[in-house]
Amino acid sequence: MIDRSLFAMFRNNPNLTYLDNAATTYKPDSVIEAISHFYSHDYATVGRGIYQLSERATQRYEEVRAQVAEFIGAKANEIIFTRGATDGLNLVATAWGGSIISQGDEVVVTELEHHSNLIPWQQLCQQKGAKLRFIPVTDQGELDLTSLDQIINDRTKLVALSCASNVTGLPVEIDPVVRAARAVGACVVIDAAQFGPHHRIDVKRIDCDFLAISGHKMFGPMGIGVLYARESRHSQMAPYQFGGGMVFDANLEKATWLKAPHKFEAGTESVAQVIGLGATIDFMNKHINFDELARHEASLCARLIDGLSTIKSMKVLGNSKLLRQSGHLVSFYHDNIHPHDIAAQLDKYNIAVRAGHHCAQPLINRFGVSGTVRASFAIYNSLEEVDRLLEALTSIIG
Ligand SMILES: Cc1ncc(COP(=O)(O)O)c(C=O)c1O
């Protein structure tokens, strides 16, 4: 779907079949060049220096904020730069949850969450004496919404869920959950780490209060993420971290804070990564048509599912029909061979896949398996690579 020569990793590793995109994606040259250009021509900190280079870096940093805002349908002051999706979700748990959640309140997540969207809420509930509740998952890997009106009730203060699973690859039916949360006035947090690389994000359409994105999973640099924080929630949030860059005024005894988003960006900002993220959005705007991408990735899933069905004792996790229509990865397992052994064997064929519990142990336990092998796709993967994976699997398993 895209010219692979735009990516140095493919030029330098021409025989590699890279199918671990749900973990992290390769970077186009334009992103690497933007970072390199900043370090070699424009390098400075932002928001502090009274000299041209620093002013230019500050301007570029804020331009990227506006660019991200436009990309996801938000306002610039609603964009907080973070280290990644994990950092963004922890920020919400600490800054909003720490201020608002109290004893007896309820927080709702789903059984399919990545640890990054589970553990921060476990910790918050333990600290505050609040109750953590779970929307269950069906045998097909979809949300079981039959008891939603009991799980989300007038004690619910926050509902956090991801809009695409990093284990099953299935899109998550978030709309009924968001509506139920809205009906009781609960805060809605969306983990879009797996959704962002494959679909257009529109925070207004989703109707969420917070949404976390991971830069490195969508062709951007490592160490950068975005947290969308709805403006009307800013006044309910305490600072996440304290230090330089977030202070309005300080004396030896106390301090006051800048307004959001700077209130939440303490310390020297990750300017190079933000500039790389700006180049990433340019890349996505230029090269990605999300409808075509979804069709392409679903066709890769369908080919893989068809091939896996011919290999004895091999099973696909989740709703295969839905994966064929709108999946971006396939998780599979063998009745008698551990997923780590399959992945290690595939590595000998120069095929990179992820194996294990994918940082979603409760979901893996829910399915009663020890783990899965996960082949996850991006815009640069092809049907030929799926066939290569299937051939290797056939040779390994027989
Ligand atoms: C669904 C989901 N949420 C959150 C994360 C964490 O993202 P990050 O690496 O940006 O912290 C991941 C990473 O695998 C993920 O798949």
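A residue is called buried here if 20 or more other C-beta atoms lie within 10 Å of its own, exposed if 12 or fewer do, and partly exposed in between, with C-beta atoms placed from the backbone. The structure is a predicted model, so local features need pLDDT of at least 70 and side-chain atom pairs count only at pLDDT 80 or more, while totals for chains, interfaces and linings use all residues. Numbering starts from 1 along each chain as its sequence is written.

With 15 C-beta neighbours inside 10 Å, His-115 comes out as partly exposed. It sits in the loop between strand E3 (106-110) and helix H5 (119-128); helices (H or I, at least four residues) and strands (E, at least two) are DSSP runs, numbered from the N terminus. Leaving aside residues up to four places away in sequence, His-115 touches Cys-359 and Ala-360, where contact means C-beta atoms, placed from the backbone, within 7 Å. Pro-362 is 247 residues from His-115 in sequence, yet their C-alpha atoms are 8.8 Å apart.

Next comes the ligand. It is surrounded by 14 residues, the closest being Gly-84, Ala-85, Thr-86, Asn-166 and Ser-214; to count, a residue needs its C-beta atom, placed from the backbone, within 6 Å of the molecule. The shell has 10 polar, 3 nonpolar and 1 charged residues, with Ala, Val, Leu, Ile, Met, Phe, Trp, Tyr, Cys and Pro taken as nonpolar, Asp, Glu, Lys and Arg as charged, and the others, Gly among them, as polar.

Helix H2 (residues 29-42) has 14 residues and spans 18 Å from first C-alpha to last, close to the expected 20 Å, which is 1.5 Å times one less than the number of residues. Val-31, Ala-34, Ile-35 and Phe-38 are buried in H2. They share one side of H2 because they cover an arc of only 95° around the axis, taken from the directions from the helix axis to the C-beta atoms. Helix H9 (271-287) is part of what covers them, whereas the face turned away carries the exposed Ser-40 and His-41.

Most residues other than glycine have a negative phi, and most peptide bonds are trans. The bond from Ala-260 to Pro-261, however, is cis, with omega near 5°, and Pro-261 lies in the loop between strand E10 (255-257) and H9. Asp-207 has a positive phi near 65°; this partly exposed residue has 16 other C-beta atoms within 10 Å.

Notes:
Two residues are in contact if their C-beta atoms, placed from the backbone, lie within 7 Å.
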